[in-house]
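These are my notebook entries on a structure that I am reading for the first time. I record what I looked up and what I found.

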Amino acid sequence: MFEIERSDDGAVVLRGRLDAAQREKAQQYLDELDSNVVLDCRNLEYISSAGLGVLLKTQKRLMAHGSNLRLVGVNSHLRDVFRYSGFDRIFEIEPAD
Amino acid sequence: MKRMTFKRSLDSLEEIFQFTSGFFASQRVDPGLLPAVDLIVEELFTNVVEHSTGEGGDVPIEMEVVSDGVEVSLTDQPVDPFDITQVPEVDVSRPLEERDERGLGLHLVRQFADSVEYQYEYRNRCSRIIFRKTGSGGPESTEPGSEEKRDVRD
């Protein structure tokens, strides 16, 4: 199960598991964004390299226009994935409480 | 040891995750290892699906309890040899504009698995990847990130 939607405060909320079967759904949604975006990852349980590719492609596109993605509420497993992938160098990442 | 076969499609991922989580629960394996095991299995299975030539059938996955963790294998047949342990490392320190959106899968497999072994049986054109994931310090665990290769030639 994977869901992506806007919250009332304007953040993009990710829920569930962003795996290879959900790549297109996530990419289609993020392709519509064109300004600074906060990705609320508090309920994102899992991400694989397919999901990382979606985030990387979106970050490249946004930064080319002076905007970026910021990841908040990142759990410990996701933090490990981001660190091993070098994403902590190219994204602003705020861990979960 | 438990074994299940899965259709060669990304749509199988949900069923695969049910298999891994069911195995962890029934065998009382440390649930803290499950996200890493799911990640490794997904990356290996996705690799099989995306590089499929259309010849192969369903993909068997076997899981076995070892001391302080699990050993998992994926089998792909019939295929040409492709030793994933010999794929060059990805440089994750490169700046954003030089990063590729794909190619991180095997890098993550190396990072999260205790060990990865590749076997190829020429007679049956059968490729088998075995990895082990344990909690740190278990007697069965090997040096993190270590890789082994064993070609089974007839």
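**Entry 1: chain B as a whole**

I began with the contacts in chain B between residues at least 6 apart in sequence, and 70% of them join residues at least 24 apart. Contact here means heavy atoms within 4.5 Å.

I note at once that this is a predicted model, in which local features need pLDDT of at least 70, side-chain atom pairs count only at pLDDT 80 or more, and totals for chains, interfaces and linings use all residues. Residues are numbered from 1 along each chain as its sequence is written, chains are lettered from A and ligands numbered from 1 in the order in which they are written, and side-chain values use heavy atoms, with hydrogens and water left out.

I then looked up the secondary structure of chain B, and found 3 helices and 6 strands. Helices (H or I, at least four residues) and strands (E, at least two) are DSSP runs, numbered from the N terminus. Read from the N terminus, the elements of chain B follow the order β-α-α-β-β-α-β-β-β.

For burial, I found that 47% of the 154 residues in chain B are buried. Buried means under 20% relative accessible area, exposed over 50%, and partly exposed in between (1.4 Å probe, protein chains only). The accessible surface of chain B is about 7700 Å², and carbon and sulfur atoms hold 45% of that surface. Accessible areas come from the Shrake-Rupley method with a 1.4 Å probe, and for residues only the protein chains shown count as cover.

I asked how many residues of strand β2 (residues 59-66) of chain B are buried. The count is 6 of 8, and the strand is mostly covered.

I next traced its pairing, where two strands pair if DSSP finds at least two bridges between them. Strand β1 (residues 2-6) of chain B joins β2(B) in the antiparallel sense over 5 bridges, and B:Phe6 has B:Val59 as its bridge partner in β2(B). With strand β3 (residues 69-76) of chain B, β2(B) pairs in the antiparallel sense over 6 bridges. There, B:Met63 has B:Val72 of β3(B) as its bridge partner. The hairpin of β2(B) and β3(B) has 2 residues between the strands, and B:Asp68 takes a positive phi near 70° in this hairpin.

A salt bridge is a side-chain nitrogen of Lys or Arg within 4 Å of a carboxyl oxygen of Asp or Glu.

B:Glu62 and B:Arg128 form one of them, at 3.4 Å from N to O. This pair links distant parts of the chain, with B:Glu62 in strand β2 and B:Arg128 in strand β5 (residues 126-134) of chain B, 66 residues apart. B:Arg128 is partly exposed at a relative accessible area of 25%.

I also looked up B:Arg132 and B:Glu71, whose side chains meet in a salt bridge at 2.6 Å, N to O. B:Arg132 lies in strand β5 and B:Glu71 in strand β3 of chain B, 61 residues apart. Is B:Arg132 buried or exposed? B:Arg132 is buried, at a relative accessible area of 15%, while B:Glu71 is partly exposed at 23% relative accessibility.

A further pair is B:Glu50 with B:Arg102, whose closest N and O atoms are 3.1 Å apart. B:Glu50 sits in helix α2 (residues 34-50) of chain B, and B:Arg102 sits in the loop between β3 and α3 (105-112).

**Entry 2: the sheet of chain A**

In chain A I found an open sheet of 5 strands in the order β1-β2-β3-β4-β5, with mixed pairing. β1 (2-6) and β5 (92-95) of chain A stand at the edges with a single partner strand each, so one side of each has no neighbour in the sheet.

Strand β3 (residues 37-47) and strand β4 (residues 69-74) of chain A pair in the parallel sense over 4 bridges. A:Asp40 stands opposite A:Val72 in β4(A).

**Entry 3: between the chains**

Lastly, I found 25 residues of chain A in contact with 25 residues of chain B. A:Arg17 forms a salt bridge with B:Asp38, with the closest N and O atoms 2.9 Å apart.
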